[in-house]
Amino acid sequence: MSGTDASRPFQHVRLGTLEQQVMEQLWEHEELTIRELISGLGDHHAYTTIATVLSNLGRKDLVSGRRVGRSVRYRPRHPRSEHAARLMEQALSSSNDRSASILRFVQGMDERETALLREYLNGPDATGDPESGSAPA
């Protein structure tokens, strides 16, 4: 996370079902209008419903909008991987035994994920790119 993101509280990263669906659409397409979101969600939602969800996501610092002509295009403020990391940090911060929680999480990883983590931790300077999912060479 960048310096500004690291100081943000994690209390607002959990999402409701519709919020999660909207974020999935935005992460997949990078930038959408409300009408494009409605279409991507199967045309089951009112314009005002999606506008409200986007407003809520904006308050949670998850989306931003920019005006293009007469419409507003919305985009995620953070990549999906950062959101997942924030959820994991939130879960760890609520644990009364952070170490045990981390160990339990690692025990649940598959072999490929464990190898990736081991390679990252054993790397020369542990500066792998979390966005690409690759560990340092």
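Select helix α2 (residues 17–29) and helix α4 (residues 47–59) together: their axes come within 10 Å and cross at roughly 85 degrees. Helices here are DSSP runs (H or I) of at least four residues, strands are DSSP runs (E) of at least two, and both are numbered from the N terminus. Axes are lines fitted to C-alpha atoms, for helices over the stretch in contact, and angles run from 0 to 180 degrees between N-to-C directions. The helices α2 and α4 are therefore roughly perpendicular to each other; in this scheme angles under 35 degrees are roughly parallel, over 145 roughly antiparallel, 65 to 115 roughly perpendicular, and the rest oblique.

Display the side chains where these helices meet. On the α2 side are L18, E19, V22, M23 and L26, and they meet T49, I50, V53, L54, N56 and L57 of α4. A contact means heavy atoms within 4.5 Å. By class, eight residues of this contact are nonpolar, two polar and one charged. Nonpolar covers Ala, Val, Leu, Ile, Met, Phe, Trp, Tyr, Cys and Pro; charged covers Asp, Glu, Lys and Arg; the others, Gly among them, are polar.

The model is predicted: local features need pLDDT of at least 70, side-chain atom pairs count only at pLDDT 80 or more, and totals for chains, interfaces and linings use all residues. Residues are numbered from 1 along each chain as its sequence is written, and side-chain values use heavy atoms, with hydrogens and water left out.

Remain on α2 and select E28, which is found in this helix. Is E28 buried or exposed? E28 is exposed, with a relative accessible area of 56%; buried means under 20%, exposed over 50%, and partly exposed in between (1.4 Å probe, protein chains only). E28 and R80 are 52 residues apart in sequence, yet their C-alpha atoms are 9.4 Å apart in space.

Next, select R75 in strand β2 (residues 71–76). With 36% relative accessibility, R75 counts as partly exposed. Leaving aside residues up to four places away in sequence, R75 touches L26, E30, E31, L62, V63 and S64.

Proceed to helix α5 (residues 80–93), where E82, H83, R86, Q90 and L92 are buried. M88, E89, L92 and S93 of α5 make the contact with R98, S101, I102 and F105 of α6. Four of these residues are nonpolar, two polar and two charged.

Finally, show the whole chain, which has seven helices and two strands. From the N terminus on, the order of elements is α-α-α-α-β-β-α-α-α. Buried residues make up 28% of the 137 residues.

Colour the chain by pLDDT, the predictor's confidence in each residue, from 0 to 100. The average is 85, and 82% of the residues score at least 70. Confidence is lowest in helix α1 (residues 3–6), at a mean of 44, and highest in helix α3 (residues 34–40), at 97.
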